[in-house]
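Hi,

Here is the structure I promised to pass on.

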Amino acid sequence: QWWVICILVLCHGSDLWSGTTKHLFVSAGVKHPLTQIAQSMVDLCDMKFKEKEDKLVRLEKAINPLLDDDDQVAFSFILDNIVTQKMMAVADSWPFHHPVNKKFVPDYYKVITHPMDLESVRKNISKHKYQNRDVFLRDVELVLTNSIKYNGKTHGLSFH
């Protein structure tokens, strides 16, 4: 675990600092007071982690869904990151972030019978609708297909 590595580096760093630089310090290495304090910190931390193991595992999974035992949760987490961190970050992609507003584009839903946008994709992700990449890509490609159908192949929204 990352936290154990950090604490061990602290402990061993203390050992290196206090024990191996012979020109600067004459010390007892692992018996040096600073190394012993660092070891006490590692021992205390390890003891507290063992006391709270179940709660820590649950919290770690809540913070990072990739640690979840349920593969669907991890898969959905990856898909959501693709949408939010990559697709929505594409320059000028804002028209595809939310469903088309009927007030501003009154004929859209007469032309487009199967609307799709990134907000709807994210809702499907949160409902775990996507069991594999193909189903996810079908909805993502539907955004493009709808743009081509409504705006035409040469419109700037259809091809960037």
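Let me begin with Asp-139, which counts as buried at 9% relative accessibility (buried means under 20% relative accessible area, exposed over 50%, partly exposed in between, with a 1.4 Å probe and protein chains only). Asp-139 forms a salt bridge with Lys-129, with the closest N and O atoms 3.5 Å apart (that is, a side-chain nitrogen of Lys or Arg within 4 Å of a carboxyl oxygen of Asp or Glu). Lys-129 sits in the loop between H6 and helix H7 (133–151) and Asp-139 in helix H7, so the pair ties together parts that are 10 residues apart in sequence. Helices here are DSSP runs (H or I, at least four residues), numbered from the N terminus. Lys-129 itself is partly exposed, at 42%.

A caveat on the source: this is a predicted model, where local features need pLDDT of at least 70 and side-chain atom pairs count only at pLDDT 80 or more, while totals for chains, interfaces and linings use all residues. Residues are numbered from 1 along each chain as its sequence is written, and side-chain values use heavy atoms, leaving out hydrogens and water.

In total there are three salt bridges. Another one joins Asp-80 and Arg-122 at 2.7 Å, N to O. Asp-80 is in helix H4 (residues 71–87) and Arg-122 in helix H6 (residues 118–126), so this pair links parts that are 42 residues apart in sequence. Asp-80 is buried at 18%, whereas Arg-122 is partly exposed at 34%.

Then there's Glu-119 with Lys-123, at 3.5 Å, N to O. Both lie in helix H6, four residues apart, about one turn of the helix.

Cheers

Technical notes
Helices (H or I, at least four residues) and strands (E, at least two) are DSSP runs, numbered from the N terminus.
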